[in-house]
Amino acid sequence: MHLSVKTVLETLETENPNAFSVSSKSDARAEQTNLIQTMQVLGGGLSLLLLLIGLLNFINVMFTCVLTRRREFAVLESIGMTKRQISGMLTWEGFYYALFTAGCMLTLGNGVLYLISKAVVQIADYTVFSYPFGLVAGLILTLFAVCLIVPAIVFRMTAKESVTERLHRTD
């Protein structure tokens, strides 16, 4: 019967716990791998939660913005602007929001990411930083999709009444 050296040493350790202790690099590596995976799952979950909160916040802000500007949109419609033109105007506003946010993300966000990556590498020298190009591109595409689509949808949801009904509304 062939036993590995590690198995023999572990057997001796259990028989004589006060004599010596056995620790192997492969066990330590397995523990570190498990710890890293746990941190990645927690970090990813926290990131998704923050993304969802940001998305819901943007939808709330757009909904509030459109509701507070409902009378303005009704006046624009009464002087000849179509609902399609107003929807297009809101889409362009959403585009500018997305452009500004993407610019901040690519400048300030990358600066913060760089500083954090340097700090983490100094704390844990076994870590390696790699820039998440795919994730950043996906976030920017999602940002533009949401900012271009949500304002027009919110306007269509709130502009179902006639122009005169919206003009006479006092809220």
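Close-up 1. A salt bridge is taken here as a side-chain nitrogen of Lys or Arg within 4 Å of a carboxyl oxygen of Asp or Glu. The model shown is predicted, so that local features need pLDDT of at least 70 and side-chain atom pairs count only at pLDDT 80 or more, whereas totals for chains, interfaces and linings use all residues. Residues are numbered from 1 along each chain as its sequence is written, and side-chain values use heavy atoms, with hydrogens and water left out. The structure holds 2 salt bridges. In one of them the side chains of arginine 69 and glutamate 72 meet at 3.2 Å, N to O; in the other, glutamate 93 and arginine 69 meet at 2.9 Å, N to O. Glutamate 93 lies in helix α4 (residues 83-123) and arginine 69 in the loop between α2 (25-68) and α3 (70-78), so this pair ties together parts that are 24 residues apart in sequence; helices are DSSP runs of H or I with at least four residues, numbered from the N terminus. Through shared partners, the salt bridges join Arg69, Glu72 and Glu93 into one network. Arginine 69 counts as buried at 16% relative accessibility, while glutamate 72 is partly exposed at 36%, where buried means under 20% relative accessible area, exposed over 50%, and partly exposed in between (1.4 Å probe, protein chains only).

Close-up 2. The 41 residues of α4 should span 60 Å at 1.5 Å a residue, which agrees with end C-alpha atoms that are 56 Å apart; the expected span is 1.5 Å times one less than the number of residues in the helix. At glycine 109, α4 bends by about 30°, the bend at a residue being the angle between axes fitted to the seven residues ending there and the seven starting there. The buried residues of α4 are Ile86, Ser87, Leu90, Gly94, Ala98, Ala102 and Ser117, and they pack against α2, α3 and α5 (133-158), with contact defined as heavy atoms within 4.5 Å.

**Close-up 3. The nonpolar core and phenylalanine 155.** A nonpolar core is a set of buried Ala, Val, Leu, Ile, Met, Phe, Trp, Tyr and Cys residues joined through side-chain atoms within 4.5 Å. The largest such core has 18 residues, and those with the most contacts inside it are Phe58, Val66, Phe73, Leu90, Val150 and Phe155. Helices α2, α4 and α5 each supply at least two residues of this core, and its largest share, 9 residues, comes from α5. Not counting residues up to four places away in sequence, phenylalanine 155 touches Val66, Phe73, Glu77, Lys83, Ile86, Ser87, Leu90 and Arg166.

Close-up 4. With a disulfide defined as a pair of cysteine sulfur atoms within 2.5 Å, a search of the whole structure finds 0 disulfides. Cysteine 65 is in none, and the nearest cysteine sulfur, that of cysteine 147, is 12 Å away; cysteine 65 is buried, with a relative accessible area of 17%. The sulfur of cysteine 104 is likewise 12 Å from the closest cysteine sulfur, in cysteine 147, which is too far for a bond, and cysteine 104 is partly exposed at 26%.

**Close-up 5. The surroundings of glutamate 10.** Glutamate 10 is placed in helix α1 (residues 5-15) and is partly exposed, with a relative accessible area of 32%. Its contacts, not counting residues up to four places away in sequence, are with Val22 and Asp27.
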